[in-house]
Amino acid sequence: MTDAVSVAEDIRRLPVQSLQLDPQNPRLPEDMLGKTQPELLAWLDNEETLDELAASMLANGFFAHEPLVVLAEENGLHTVVEGNRRFATISILLQTPAAEEADLEFEFESRPSDAQLAALREVPCLVVSSAEEVRKFLGFRHIGGLKTWSPEAKARYLEDEIKRAVAQASQTPFRDVGRRVGSNATGVRNSYIALRVLRTARDDLGLQQLASYVLRNRFGVWTRLLNSAEVREYIGFGDPVDYDAIEAASREIRDEQLQRVLEDLQPRKGSTRAVLNDSRDATNYGRVLANDAAREALIKYGDLNLAYQVVDRASLADRLETTRNSLELIVNGIDSYLVTDVVVSRAEALASTARTLMLTVKDRREPEED
C-alpha cells in the first residue's frame with residue numbers, strides 16, 4: 001500500500017505540542033468518538049498498557065523508522081491518525097496540558113531525566129496531505145494488513161467506506177471496498193451486515209442496552225453468529241446479498257426474536273457465562289433456533305448443550321447413560337464441593353425427577369422382539 005502514502009511522503013520532526021489525538025479514530029469505541037483530548041487520553045491510558053511503552057521510550061527514545069502518521073488541520077495542529085497509543089504515552093511523559101487536565105502521570109522508581117524527556121519533545125511524523133489518503137492507508141493497514149483492528153473497529157470503518165461507495169454510485173460497493181482494503185466482498189458484506197443489524201436493534205427496536213453490550217464485548221461472536229442461515233432466518237433477516245436488499249431486510253427484522261438472540265450473548269442474572277459463550281457453538285445454536293422443541297428447551301433452561309440434545313436426537317438409552325455418568329462424577333467428587341441447603345434441595349428435586357423417569361419408562365416399556 002505504499003502508493004496510498006507516496007503522494008504525501010513528507011517525513012518531518014514535529015513538536016509534540018503541535019499534535020493532537022484523533023477524536024474519530026476507528027479504534028475508539030463509539031461512545032468515545034468526538035471526545036475531548038483529556039478524555040481521549042484518559043481512555044487510552046486506561047485501556048492500553050502505556051506504562052510499559054513509556055519505560056521503553058525512556059530507555060530507547062522514539063523509533064524513527066516508524067513515524068507517527070499525521071494529517072495537517074486548518075488550525076495549525078496535526079491530528080495523529082496512526083500512532084495514537086505512542087503519542088498518548090509521550091503526552092503523559094511530557095505532561096502536556098491534556099495530560100495535566102486528565103490528571104495522568106506514570107509512576108517510575110526514579111524520575112525521568114531532562115535529557116530523556118527532551119529527546120521526546122519532537123517526534124518523526126509522516127505528514128499526509130488529505131483525509132482521502134488517510135482512509136486508504138488506514139483501511140489497507142488495519143483491515144487486510146498486518147496490524148488489524150478489532151472486529152468492531154473494522155466493521156465501523158468498512159461501514160463508512162461502503163456508504164461512501166454507495167454515495168459515489170458504486171454498483172458493487174462490497175467488492176469495491178474489499179479490493180481497496182485487501183479483503184473480499186464476502187468478508188466486507190458479513191461485517192457490514194453484523195453492524196447493520198445491531199444498528200437496527202439499537203436505533204429502531206429499542207434494544208439500546210443489548211445492542212451496545214454486544215457491539216462492545218461480543219462483536220466477533222456476533223459476526224460469526226450471523227453467518228448462520230438458521231439465525232438469520234429466525235430473526236427474519238433472510239439471506240440478502242446486495243446493499244439495497246440488506247437495507248430492506250433490516251426493516252423486516254423480528255424484534256422479539258432478535259432480542260432473544262442478543263440476550264443469549266450476555267450473561268444471565270446469577271451467572272458469569274452467556275448462553276452462547278463461544279463462537280465455536282454458533283452452528284449448534286443456529287440448529288437449536290431452527291428446531292421448535294429445542295428452542296423451547298433453550299428458553300426454559302438456558303443451556304445450549306441441553307437444548308442441542310433435542311436436535312441431536314441421540315437414543316434415549318444413550319442420553320440416560322450420559323446423564324448417569326455425569327451424576328457419577330459428582331458423587332465420586334462430592335468431597336470437593338461445599339454442601340449447602342440449596343445443594344440438598346436440588347439433589348432432592350433430582351432424585352424426585354429420577355423416580356418419575358423410572359416409573360414413566362417402566363410404564364412405557366415395549367417388549368423386545370425376539
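Guide: Contact here means heavy atoms within 4.5 Å. The model discussed is predicted.

Visitor: Which residues does Gly238 touch, not counting residues up to four places away in sequence?
Guide: Gly238 sits in the loop that runs between helix 13 (229-234) and helix 14 (243-250). Leaving out residues up to four places away in sequence, its contacts are Arg232 and Glu233.

Visitor: Does Gly238 count as buried, partly exposed or exposed?
Guide: Buried means under 20% relative accessible area and exposed means over 50%. Gly238 has 21% relative accessibility, so it counts as partly exposed.

Visitor: How far apart in space are Gly238 and Tyr308, C-alpha to C-alpha?
Guide: In sequence, Gly238 and Tyr308 are 70 residues apart. In space, their C-alpha to C-alpha distance is 23 Å.

Visitor: Are helix 17 and helix 18 roughly parallel or roughly antiparallel to each other?
Guide: The axes of helix 17 (residues 292-301) and helix 18 (residues 304-312) come within 8 Å and cross at roughly 165°. Angles over 145 degrees count as roughly antiparallel. Helix 17 also passes helix 18 in a right-handed crossing. The two helices are therefore roughly antiparallel.

Visitor: Is helix 8 roughly parallel or roughly perpendicular to helix 10?
Guide: Helix 8 (residues 151-167) and helix 10 (residues 185-203) have axes that come within 9 Å and cross at roughly 100°. Angles from 65 to 115 degrees count as roughly perpendicular. The orientation of helix 8 to helix 10 is therefore roughly perpendicular.

Visitor: How many charged residues are in the contact of helix 8 with helix 10?
Guide: Ala155, Arg156, Leu158, Glu159, Ile162 and Lys163 of helix 8 meet Val188, Ser191, Tyr192, Leu195 and Arg199 of helix 10. Six residues of this contact are nonpolar and one is polar, while the number of charged residues is four.

Visitor: What is the phi of Asp103?
Guide: Most residues other than glycine have a negative phi. Asp103 lies in the loop between helix 5 (97-101) and helix 6 (114-118), and at 68% relative accessibility it counts as exposed. Although Asp103 is not a glycine, its phi is positive, at about 60°.

Visitor: How far apart in space are Asp341 and Ile11, C-alpha to C-alpha?
Guide: Asp341 belongs to helix 20 (residues 341-364) and is exposed, with a relative accessible area of 71%. Asp341 and Ile11 are separated by 330 residues in sequence, and by a C-alpha to C-alpha distance of 71 Å.

Visitor: What radius of gyration does the protein have?
Guide: The protein has 20 helices and five strands, and its C-alpha atoms fill a box of roughly 90 × 60 × 40 Å along the principal axes. A compact globule of 370 residues would have a radius of gyration near 21 Å, whereas the protein has 28 Å.

Key:
Residues numbered from 1 in each chain as written. Predicted model: local features only at pLDDT ≥ 70, side-chain atom pairs only at ≥ 80, totals over all residues. Heavy atoms only, no water. Axes fitted to C-alpha atoms, helices over the stretch in contact; angles between N-to-C directions. Helix = DSSP H or I, 4+ residues; strand = E, 2+ residues; numbered from the N terminus. Parallel < 35°, antiparallel > 145°, perpendicular 65-115°, else oblique. Left-handed = near helix turned anticlockwise from the far one by under 90°. Rg over C-alpha atoms; globule rule 2.2 N^0.38 Å. Buried < 20%, exposed > 50% of the residue type's maximum accessible area, 1.4 Å probe, protein only. Nonpolar A, V, L, I, M, F, W, Y, C, P; charged D, E, K, R; others polar.
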